[in-house]
Structure formats: C-alpha cells, structure tokens
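Here are my notes on the structure, point by point. Please read them with the coordinates open.

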Amino acid sequence: MKQAIKIGLIGGVVEILLSLIGMVEAFSQRDIIAHVISMGHTLLIIVALFMGYLAAKRTPGKGSLWVLANSFLSGLIVGGLVSLLVIVGSLIDLRKVFVNAMPVLYELLTFKQGTQIGVFLLLGAGALSGVLAGLFFLSPKLLRRVLLISLGSVVGAGVLQDLLRPTFSLWGPLAIINEWLFTANGLTIQGAIGLFVLIAALLLFWSRKGSVIQTGFRQLPPAPQRILKMSGILILVFILLILPQVLGLFLSEVFTIVGLYVLLGLGLNIVVGYAGLLDLGYVAFFAIGSYTTAVLTSPELGFFSLSFWEALPFVIVMGVFSGVLLGTPVLKMRGDYLAIATLGFGEIIRILVLSDFLRPWLGGAQGIGKIPKASIAGFEFAGPQQIYYLILAGCLLVIFISLRLRDSRLGRAWMAMREDEDVAQAMGINLVATKLLAFATGAGFSALSGAIFATKLSSVYPHSFNVMISINIVCVIIVGGMGSIPGVIVGAAALVGLPELLREFAEYRLFVYGAALVAMMLLRPEGLWPEAVHRREFHEEEEKEAESKSSLELKSG
Amino acid sequence: MALLFTKKVTKRFGGLVAVGDLDIDIREKSIHSIIGPNGAGKTTFFNCITGFYKPEEGEILFNDHSLVGLLPDRIVRLGISRTYQNIRLFPNLTAMENILVGLHGHLRAGFFGIVMSTPATRKEEKEAAEEARRLLKFVNLAGKGDFLAKNLPYGDQRRLEIARALASRPKLLLLDEPTAGMNPRETQDMMDFIQHLRDELGITILLIEHQMRVVMGISETVTVLDYGEKIAEGTPTEIQGNPKVIEAYLGRGSTAEVSQVS
C-alpha cells in the first residue's frame, strides 16, 4: 500500500514535470493515431501504465485483488496529481515561473473539457491506466508479450511516421500501404488496428511454430544450414547497399550521422567498454582526425593538397599517436581521476584549434573549408547518399577489428584490466603497453570517423568538437551496453537517430539523455543490448555462429 | 637447493614494521607454510615477493634473479604465481576466460596478427583454449568453463583461482589461505589437491594457512612470523613444541601454564 502510494506520487511528479517543461505540448503536435491520440497523451499514459505496473509488481503476497488495488491506487494518484496541477493552474497563473504552463497545456491535460469535467476525466484515466497495468501484470506471459510488442509497434509506427511514410512512397506498389496506414499526421484508425492485429498474429504464430522452425533449422545438415545463413547475410548486405536509394536524402543524412556515432562509439567501446578506462575527452581524437584531414587536403591553407585517400593513413597515424600521447600522462590514474584528466584533454584540443596562435595553420574560429570529397574510380562520395557507403565501409571495418580483438589475447587483457587492474598485472599483463594500446586503438577509430566527418561537411569548425560529443558517445555506450558491439549500434540509433527523426525532440534532447541514463541504471544497468557471455568451453561452432549473428545485427541497426 | 631465497627483507608502512629482517629459504619442490597470528606480516611478505610492494631493505632472489623492484607482470613471467586471501577472480569473465588471462604471458599474438588472424595466431588461440580446458579438468571444473566466475560457488572459485595461477606455468605457487571458509571435507580435498600439485607437477608451494590441521598435515617446513619477524622455523613437529610459538599464539604467560600442564 505504502509502496503504491510512493510509486503513484513519483509518477504524478514525473507527469507534472513533463507537462511544465512543455514536453507534453510539444509532443501533442504529432498524432500517433490521427484525431484519436497524440504523442503527448501517449507519453502521459505510458508513464501512468508503467507506474501501475510497478505498483503491481511490488505488491507483497501477490494476491490478485491486492495487486489490482495497488495498481488502481497508484494510477489514481498519478491522475490526482495531474488534476491538482490543472486546478492550481486554473487558479494561479503559473506562467511567471513555468513559461510552458500555457492555457493550451491545460486544454490538452483536460481533454478540452474544461477544468471541472477534466479533473474527473483525469482521475478516471489515471485509475483506468492503473487497473489496466494491473491486469496486464496478472495476465499470462505470452499475452503480455504479445500485447507489449504489438502496442509498441503501433506506437513505434506512429512515432516514426516520418521515417516510414517516405520510405513506402518511394516504392510504387508499397505506396498503397501509405494510404491505408497513414494520414497526414498519424496512423489511420483502421491502420492502427490492422497493424496491431497483424503483429499480434505474427507473434502468436511464432510462439506456436517458432520452436518447430528453429529445431527444423538445427536438424538440417551443416551444408544447407550454412547456405541459409549465408543467404541471410547476403540479403542483409543487399538491403544495406540499397538503403540510401530507398530512403532518400533526408533519411540517408540521418543514417550517416548515426553511422559516424557508431564509428565513434565502437572506438570508445574499446577504451571504456573493454579496457574500463573512462575517457571523457574522446572528442579530442575526433577533432584531431578532422583537422589533420583538413590541413592535409584543403587547398585553402595551401600547405598540402592531398586527396582524401592519400591523407587517410596520416590521419590514422596521427590519431594513434595522439592516443599514446594522451595515454602516457594518465597511465597511473583510475576511475574518476582519469575521467577528469581526459575531460581536460578534450577541452585543450578544442581551445588550441580555436586559438589565434594557431590560426595560420588551423584557421582559428573560421575553421578550414574546401576540403575535397573522397572518390574512388570516378565515384565521388559527395552527398549523404554516397557518404553513407563510406561510413558503412568504415563501420564494417571497425566492427571486424573489434570482433577480432575481443576474442583475442589483447581483448582478454583489456577486460581483465577492467575487472581488476592489480590482479591483471599479477597475471603477466603489462599495464603500460595494454593501456596505451587501448587508447591508441580507440583514438585511431575516432580519427577515421573524424576524417569522414571532415569530408562530409567539406569544412571543419572548432565548435563542432565540444564536450557534448564526448558525453553523447559515453551515453551511447552506457545505454547500448558496455563492451557490446550491437549495443553501440542500438545505442547510437536510439540516442542519435531518434532525436534526428523527431523534430519535437530536439529541445528536450539533454533531458531525455539524462532520463534515459537514470532509467537505464535503475532498470537495466547492463544496457539495451548487453554483451553476450562468450561460450568457449564447448561451443566452438556456436561461437562462430554468434559472431556472424552479431554482424547481422549491426546491419539491422 | 633454494628456489626462493630472501635476505633481511624489510617492509615498513610509516612507522610500522610489517616485515622485518626476514630470511627465508624455500627449497625446490617443497611445501612450505608460513603461519602466525593476524597482522604478523604474512600477506605483506607475499606482496613483497610478487612485486605488489617494494621492500625498503633486503634482497629477494628467485632462481638467482633479484625480484626487488620488478613489476608484478615481470615476476609472474619468471615463474611465481599466486592466489589471494579474498578471492580475486575477474568476476565478469567466464571461468575459461579467467584461465586464458592466466596464459597471457605465454601467448605472443600482436595487434596485426590478431586483426589479420594469421595461422600462427589461430594455432596459438586453439592451443591456449585446449590448455585452458585441460586446466579446468585438472581442478575439477570441467563443464563449468562457460559460467561467469562470479556465478560459481565458493569452493569452485577457490579452485578456479588456483587454475588461473597454474595457467602461467609457475615454478613457485603462493597460496594465501587456500582453505579459508571451507568445511572439513573441502579442506581435506584441498590438502590432497595441494599435495597432488607438488607431486605430479613438481611445483614448489608456499602457503599461508590458519588451520593447524592443514599446516601440520602437508607442510615439510613451517616458518612462524610474529610482528613481522621470524620467531621459529622447522618441521611441523619441531614447531608444535616450540615455546615461542605457543607464546605468540596464546600470549605471554601461557608458556608456563602449557609446560605445567604437560
């Protein structure tokens, strides 16, 4: 009971906060289902449902009546607190403190029914959400899974409508789906129901027949199994290759940004995820890669005018060298101290490139322009749709190297160092060499990413390399799962890709990052896609399978 | 012939002398125990040998190599390996990976060899995995290689730690209270296992132990420390009758009582 009240109060405060910072209102401009429910309302309902579920889960004894009572109570409290906000808002003008407490917010919260009816509606909606969450908790596992995934897909389709709609419209026959599924803003009602039923049916089918198919697959002799797997990989490669043509300009641009973060994330994953060295100045190597490319290729400065490919080896060497340079002074530092020292290094690089002192060589605040595009045999990586391939190649290369390193003597040395530095040393691991190698490898990946970034923009400016980039990359790794390669891809897609797709999101990006980090630490500290335990004793074959699987997963990310 | 030989080793922490003027000879292929009350400097002495601490004075010779001032990773390559009083496995690595880390010093693969997956690297990895499996079997953990170390039961963790130490192919193995927290049956198994290590693999064993049954049961030589100094050394029977040892363990005055009783 106490628990339920506490959870309800937390939920209510969260909803009030979301309302007052204007998130509900901003999100309400997009409908999930046209004229039925907006993204803002969905957000509120999800919070209420989640709190109801938590209350149900924390009920001692688990008697189903108690469970329902608790989830009802917490939902009611959530609704109550929001109605309190509505009442207070109608009596006092909150706009002097909370700029976003505009009349339109109250209209949204009260479903446009005025304060008095709205309050009752809110209480009812809260209680209903709570009870639904309680029922959800009590229902069998299969039903829960089906409901969760199908509803999630409907919401996902609504949220990602800007991604899906243009994709379908590019493919002649698929454009019919568009008309059936989407309106100008949000899903159609029949589309939403249809999608829900479709996904649910698929899930039910899989739960019945999935194991049969899987065992059937395993019973196949190895040769056809391999052929099936290979063809699966080929299909994925094919999809990856045609993706920019299918998705069009805007989405290709989004993909290139996500791809750059995947590259950066994979590099930092070696330093933080494998070796356990918390590096908050990682943007420095990105900057060094970009600026080295710019200095070596841009005719604007007139020192060199190498092509992108001629410059690339120097860029990587420069990155590796700076990785060692940063690594050396901080060898003896651990944990928090290391984080602060590397944070400083990141800032030093930014301030150096911004300085007047280095302006003749690095362009100062104006940056360096006219960086040539990369090209192979006449194919120029000019727009996002072409640069996509450059980034894809970079990602595949880096993933390949990461995988090889992970399952090697060096990867194990890094992980041992992460787990217990002293014991690792006592097991024969040379800490100096191992740490420097981790810094150098991470920095090399980052410099590669920086080089691609420079040719993508054709210019580099100091302000592109602020500390937020480092923080973003660390967030990507933590949310995705420390030390997990598919995790980096999922994390980059979630934290970098989603905000690019959701224009309402932009203002609340940092807020969402913070909330995501806290939520991850509480609910899923191992990350969205945690590193799998490596089976080495018996399952040599399956290990290879897992490898090929993880390389598939990255593509789907 | 002495495998490990220390001369006047002294380690101070501020004003406290944790180990003072310690001379110890450890004969090759012997089982040598170090005993003493809590705080007598036993683990500090281990840390001096393995390079965790640098003694202020004195000399430690292992196979005629001086160990003073060497880093732990150099010392383990010379052939000294250890376990810890509180188990210190790599908790989020599997048992297999823990042992493979122990093999680190014997693998040669470099960055480019690994990325290119050269035949030499592949062969080395395969052999390392085989050796790790063999060690798992040796410590009775066959079939548990894919468990995370932190998920293994206590006794298994102790044995895994020894397997990890063995992976570095030591000539001298330092065991810091290997039977701590074990019941009589497990203790007996551990004693048999330690004897087996010496008899089968020819590894010299230096042991810190509190259970007198273990010390008296398997060691050939016993050294007694008190306040960082050696107060007695000899065979288990000699030590059992030594009044200074009884005094250190039971306090001053008890010697007289003990001799009266006996």
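1. Start with B:Ser117, which is buried at a relative accessible area of 15%. (Buried means under 20% relative accessible area, exposed over 50%, partly exposed in between, with a 1.4 Å probe and protein chains only.) B:Ser117 sits in the loop between α4 (111-116) and α5 (119-138) of chain B. Its phi is positive, near 50°, and the residue is not a glycine. Helices (H or I, at least four residues) and strands (E, at least two) are DSSP runs, numbered from the N terminus.

2. Some ground rules. This is a predicted model, in which local features need pLDDT of at least 70, side-chain atom pairs count only at pLDDT 80 or more, and totals for chains, interfaces and linings use all residues. Residues are numbered from 1 along each chain as its sequence is written, chains are lettered from A and ligands numbered from 1 in the order in which they are written, and side-chain values use heavy atoms, with hydrogens and water left out.

3. B:Arg169 also deserves a look. Its phi is positive, about 50°, although B:Arg169 is not a glycine. The residue is found in the loop between α6 (154-167) and β7 (172-176) of chain B. B:Arg169 is partly exposed, with a relative accessible area of 44%.

4. Now the sheet in chain B. Four strands make an open sheet, ordered β2-β1-β4-β5, with antiparallel pairing. Two strands count as paired if DSSP finds at least two bridges between them. At the edges are β2 (16-27) and β5 of chain B, each pairing on one side only.

5. β1(B) and β2(B) are antiparallel and share eight bridges. There, B:Arg12 stands opposite B:Val17 of β2(B). Strand β1 (residues 2-13) of chain B is joined to strand β4 (residues 57-62) of chain B by five bridges, again antiparallel. B:Thr6 has B:Ile60 in β4(B) as its bridge partner.

6. Next, the β4(B) and β5(B) hairpin. β5 (residues 65-66) of chain B runs antiparallel to β4(B), and two bridges join them. B:Phe62 pairs with B:His65 in β5(B). Two residues lie between the strands of this hairpin, and B:Asn63 takes a positive phi near 50°.

7. How many residues are in the largest nonpolar core? There are 95, and those that touch the most other members are A:Leu268, A:Leu277, A:Leu405, A:Trp414, A:Ile452, A:Val460 and A:Phe465. Helix α11(A) gives the most to this core, with 18 residues. (A nonpolar core is a set of buried Ala, Val, Leu, Ile, Met, Phe, Trp, Tyr and Cys residues joined through side-chain atoms within 4.5 Å.) A second, separate core has 48 residues, including A:Leu18, A:Leu20, A:Ile33 and A:Val78.

8. A:Val246 lies in helix α11 (residues 222-274) of chain A. A:Val246 is buried, with a relative accessible area of 11%. Its C-alpha is 6.4 Å from that of A:Thr167, 79 residues apart along the chain. A:Ile348 is partly exposed, at 48% relative accessible area. A:Ile348 and A:Ile270 are 78 residues apart in sequence, and their C-alpha atoms are 23 Å apart.

9. One helix pair in chain A. The axes of α20 (residues 467-480) and α22 (residues 509-523) of chain A come within 10 Å and cross at roughly 35°. (Axes are lines fitted to C-alpha atoms, for helices over the stretch in contact, and angles run from 0 to 180 degrees between N-to-C directions.) Among the residues making the contact are A:Met468 and A:Cys475 of α20(A), and A:Tyr513 and A:Leu517 of α22(A).

10. Finally, the cysteines. The structure holds zero disulfides over all chains; a disulfide is a pair of cysteine sulfur atoms within 2.5 Å. For A:Cys395, the nearest cysteine sulfur is that of A:Cys475, 19 Å away. A:Cys395 is buried, with a relative accessible area of 8%. A:Cys475 is buried too, at 4%.

Notes:
Contact means heavy atoms within 4.5 Å.
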